[in-house]
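The sequence and the model are shown first, and the description follows.

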Amino acid sequence: MRSRQARSLVVGWAFMSARRRWGAHRGVSQLDERPTHLAALVHAAVGEAGEAGREPQSCRAGRGGPRSFFAEREDGFIAFILERIGSGERTFVEIGASDGSENCTRDLAENGWRGVWVEADEHKAVTARELRSWLAIEVLCSKVSRSNAANLIASSTVPNPEVLVVDIDGNDWRVLGACLSVCQPRLVVVEYNATVGARVAWSMPYNDIQSWDGDRWHGVSFGLLHKRAPGLGYRVVACDPLGVNAFLVRGDLVDSLGNLDDDAIYSPPMYSAPFGHPWRTRRTSDVGLAWDEFAQIRISDSGLYRMGELVVVMLEVHNDSGSWLTSFGKHPFNLAALEAGDRTAARVGARTKLCWPVPPHSVRSTTVTLDPTDFPSGMVEFALLQEQVQWLTDVPGWKPLLLDLRSNLFVAPLPDN
């Protein structure tokens, strides 16, 4: 059996493997195994490196021994993209670099690149400066705004970086625009708000005193990046598998990456994994739902995809009750995949959190990733439960949602015993 961390990483790649078409198909779904987008190519390259006995760049040893410095596997994407578009003078600027222990450019610095880290938190900036004894970095302590971003870069030791990272949990889009007015990096990494979805073009209204408080009101949507990046001379080429950061390549270099599939770039928020942008909701599930409320909840399928041996199932949670369904609080709601037809079996194993809270009288999408070897019969039953309260499968009249892994099709419910 895989370790939880290893499986979570594979699940992340499976999310990116899923061809999340903006107009997702409905009804009975078939598997799509065509890896035509950049994330699948990165995954394949990492796999080939492992098979050949080589370490990918993101796992090479730095000070303190072998380790990786990526936040959400970004340095793997960065290394892959730069190998194809070129690295130029090997310089970078990262705005929102934290204390340097884990960010998007630490691996570049460990591999001889020269750069600038900008961090608003004074204590984190002090910690980052301790790394200057062996890394060629300049650390600036400053809160970045659209009015000072351009000057910060222009007056730094790296006025025209090859890689630019913007991760400030708020005014990212406006700050990015200011930065690109004075430099034209080969590669841009910018945090996006995946909870907004793929099609909506949205950015948080600019606020000079904004400070992220852990909610979903931050940053810029994928839809806006996809629509507006060409106007800045860039194209969105990939998103990391956890729905945290987007990768933009300068227009004159995009052809080096081949024929990219625009419809397969967006990655949904995978904040239920032990990785991803730290996120919480102000809504929590602290009180157990009554039976009559449970009877107003159901789940349905909305897509089915495969990457290697794993199957990614996209589900919709229909909440017609008057209560919020969240995976936070004393009695959170989670999804489970069970061996179908065996109601006497102990209900144990991995739980999958809802991708986002489901408001009363609404529908939200979520995802479950399966390893077929965990289901000897080949039949899977999906269940929603409220921890320490109730399983939806126990509600009278419940109609199970079943998946036959042998045919990769959703099937009619099993007859009652």
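**Charge over rings**

In this predicted model, R84 is placed over the face of F80, with a distance of 3.5 Å to the ring centre. A further arginine is arranged over a tyrosine: the charged end of R146 sits over the ring of Y206, at 3.9 Å from its centre.

**Helix α3**

Helix α3 spans residues 74-85 and has 12 residues. From its first C-alpha to its last, α3 reaches 16 Å, close to the 16 Å expected at 1.5 Å a residue.

Of the 12 residues of α3, 10 are buried, so the helix is largely enclosed by the rest of the structure. The buried residues include the charged E74 and D75, as well as F77, I78, F80 and I85. Just after α3, G86 adopts a positive phi of about 95°.

**Aromatic pairs**

The structure contains 6 aromatic pairs. In one of them, the ring centres of F294 and F333 are 6.2 Å apart and the planes stand at 45°, so this pair is tilted. F294 belongs to helix α9 (residues 291-294) and F333 to strand β12 (residues 333-339), so the pair ties together parts that are 39 residues apart in sequence. Both F294 and F333 are buried.

Elsewhere, Y192, F222 and Y266 form one aromatic cluster.

Terms used. Residues numbered from 1 in each chain as written. Predicted model: local features only at pLDDT ≥ 70, side-chain atom pairs only at ≥ 80, totals over all residues. Heavy atoms only, no water. Phe/Tyr/Trp six-rings, centres within 6.5 Å; stacked < 30°, edge-to-face > 60°. Helix = DSSP H or I, 4+ residues; strand = E, 2+ residues; numbered from the N terminus. Buried < 20%, exposed > 50% of the residue type's maximum accessible area, 1.4 Å probe, protein only. Lys NZ or Arg CZ within 6 Å of the ring centre and 35° of its normal. Expected span 1.5 Å × (residues − 1).
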